[in-house]
Amino acid sequence: MDNTYLSRDKTEYYCTIKLVFDGNNHVAKDKEEYVKKVKEQFYDDFNIHLDDKEIQNIQESGSVLWY
């Protein structure tokens with residue numbers, strides 16, 4: 001059996017994985033509400049907990065008319 005933790009002829013490697021999701025459209029009264037909605041969406045859809053610093057480049061796409 002190959003035990004990679006005790007092998008002298010192998011090296012352990014690690015890396016950083018960066019995922020980018022663009023879009024994430026939500027209607028909100030302000031940026032704080034938008035961030036809250038994005039966090040809820042990512043937890044519900046992907047079981048991912050986001051920090052505020054991970055939500056970047058927030059832009060308004062325009063006003064929404066409610067009838």
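Start inside the helix: select F42 and F46, which are separated by about one helical turn because they sit four residues apart in helix α1. Helices here are DSSP runs of H or I with at least four residues, strands are E runs of at least two, and both are numbered from the N terminus.

Before going on, a word on what you are looking at: this is a predicted model, where local features need pLDDT of at least 70, side-chain atom pairs count only at pLDDT 80 or more, and totals for chains, interfaces and linings use all residues. Residues are numbered from 1 along each chain as its sequence is written, and side-chain values use heavy atoms, with hydrogens and water left out.

**Stop one: the rings**

Searching the whole structure turns up three aromatic pairs. Rings of Phe, Tyr and Trp (its six-membered ring) pair if their centres lie within 6.5 Å; planes under 30 degrees apart are stacked, over 60 edge-to-face, and the rest tilted.

Now go back to F42 and F46, another tilted pair, with 5.2 Å between centres and 55° between planes. Together, F21, F42 and F46 make one aromatic cluster.

Which of these rings is buried? F42 is, with a relative accessible area of 4%. The cut-offs are under 20% relative accessible area for buried, over 50% for exposed, and partly exposed in between (1.4 Å probe, protein chains only). F21 counts as partly exposed at 39%, and F46 does too at 42%.

**Stop two: the surface patch**

**Stop three: the core**

Next, select Y34, V35, V38, F42, L50 and I55, the six residues of the largest nonpolar core. Such a core is a set of buried Ala, Val, Leu, Ile, Met, Phe, Trp, Tyr and Cys residues joined through side-chain atoms within 4.5 Å.

Zoom in on I55, in the segment after α1; I55 is buried, with 14% relative accessible area. Leaving aside neighbours within four places in sequence, I55 is in contact (heavy atoms within 4.5 Å) with V35, V38, K39 and L50. Try the distance tool on I55 and V38: they are 17 residues apart in sequence and 8.3 Å apart in space, C-alpha to C-alpha. V35, for its part, touches D52, I55 and I58, not counting residues up to four places away.

Select N24 in the segment before α1. Its phi is near 55°, a positive value in a residue other than glycine. N47, in the segment after α1, also has a positive phi, about 60°, without being a glycine. Is N47 buried or exposed? At 54% relative accessibility, N47 counts as exposed.

**Last stop: the whole view**

Zoom out: the protein has one helix and zero strands. Of its 67 residues, 12% count as buried.
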